Amino acid sequence: MTTLTRAPLAPLLDRLFDEAAAASPETSPAVTELAPEERARLMRSKTEYLDLYGRLKDLPLPVSRETGALLYMLARSCRARTIIEFGTSFGISTLHLAAALRDNGGGRLITTEFEPTKVVRARKNLTEGGLMDLVEIREGDALQTLGADLPEMVDLMLLDGAKALYPEILTLVEERLRPGALIIADNADYNPDYLARVRAPGNGYMSVPFAEEVELSMRID
Ligand SMILES: C[S@@+](CC[C@H](N)C(=O)[O-])C[C@H]1O[C@@H](n2cnc3c(N)ncnc32)[C@H](O)[C@@H]1O
């Protein structure tokens, strides 16, 4: 058994994923009242992400169950001790990553979220999961909260906030990524510039599309 597969975390995740399925963006008026083109435009906007995610503030929008399990496995297999997460929401991905830190023997996870009500929910879930001691939630825009006071070395990073900002967030953390560090970017196909950067030979990464929604990259040097 692992922290992920035993109580209190396993039943908590079952409940949170069930609740997320019942509050899917596909059926939420906050999303369905947007024309598909407008939704796609907002997802790619570098200036209107506050408006978009403000509309979505009551939705958990978690990674899939499979991506959650993948996050746990990757963090375990690279023996991560320091993790950065962009986009906390209700903390479902955070719970997977923090569980891996626990089973790796401890560490530090910095996650960031600008919606105050989501920060409250994430803190509650992490406390219920018994993992809050490993997590620092930085409330505010990641462009500021990840702009200072980062760990010397970062073993793994999850990008799951505003898709348009993936290149900027990578730039903020890049020099702290140790050789071999993993970067998991959810729904990165919304950001062709990010994909071009991590896939181009000579930019310091190896990168492949992995599973349906994930771009998995490794820092080479
Ligand atoms: C897709 S959800 C994250 C889901 C979460 N990783 C999980 O799997 O449980 C994206 C979250 O990022 C937050 N967000 C988007 N852009 C942000 C920014 N620039 N700074 C901080 N948080 C941001 C949104 O409010 C939203 O809650």
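Student: Which elements each supply at least two residues of the lining of the largest pocket?

Tutor: They are α1 (9–22), α3 (36–44), α4, α6 and β2. Helices (H or I, at least four residues) and strands (E, at least two) are DSSP runs numbered from the N terminus. The largest contribution to this lining is that of α1, with four residues. The model is predicted: local features need pLDDT of at least 70, side-chain atom pairs count only at pLDDT 80 or more, and totals for chains, interfaces and linings use all residues. Residues are numbered from 1 along each chain as its sequence is written, and side-chain values use heavy atoms, without hydrogens and water.

Student: How is a pocket found, and what is the volume of the largest pocket?

Tutor: Rolling a probe the size of a water molecule over the atoms shows where empty space is left. A pocket is an open set of points, on a 1 Å grid over the protein atoms alone, where a 1.4 Å probe fits, with protein on both sides within 12 Å along at least five of seven lines; lining residues have an atom within 4 Å of a point. The largest pocket has a volume of about 910 Å³, that is, the space filled by probe spheres set on points joined across faces, edges and corners. It is lined by 45 residues, and Leu61, Pro62, Asp160, Lys163 and Asn187 are the closest to its centre.

Student: Where does the ligand sit?

Tutor: In the largest pocket; the test is that more than half of its atoms lie within 2 Å of the grid points.

Student: How many residues surround the ligand?

Tutor: There are 25 (a heavy atom within 4 Å), and the closest are Val63, Gly87, Ser93, Glu113 and Asp160.

Student: Which N or O atoms lie within polar contact range, at most 3.5 Å, of a ligand nitrogen?

Tutor: A side-chain N or O atom of aspartate 141 is 3.0 Å from a ligand nitrogen, and a polar backbone atom of alanine 142 is 2.9 Å from one. The ligand alone exposes 600 Å² (Shrake-Rupley, 1.4 Å probe), of which the protein buries 98%.

Student: Which backbone angles deserve a look?

Tutor: Most residues other than glycine have a negative phi, and most peptide bonds are trans. Here alanine 7 and proline 8 are joined by a cis peptide bond, with omega about 5 degrees; proline 8 lies in the segment before α1. Serine 89, not a glycine, has a positive phi of about 50 degrees and lies in the loop between β1 and α6.

Notes:
Polar contact = N/O pair within 3.5 Å; in protein donor to acceptor, adjacent residues only side chain to side chain.
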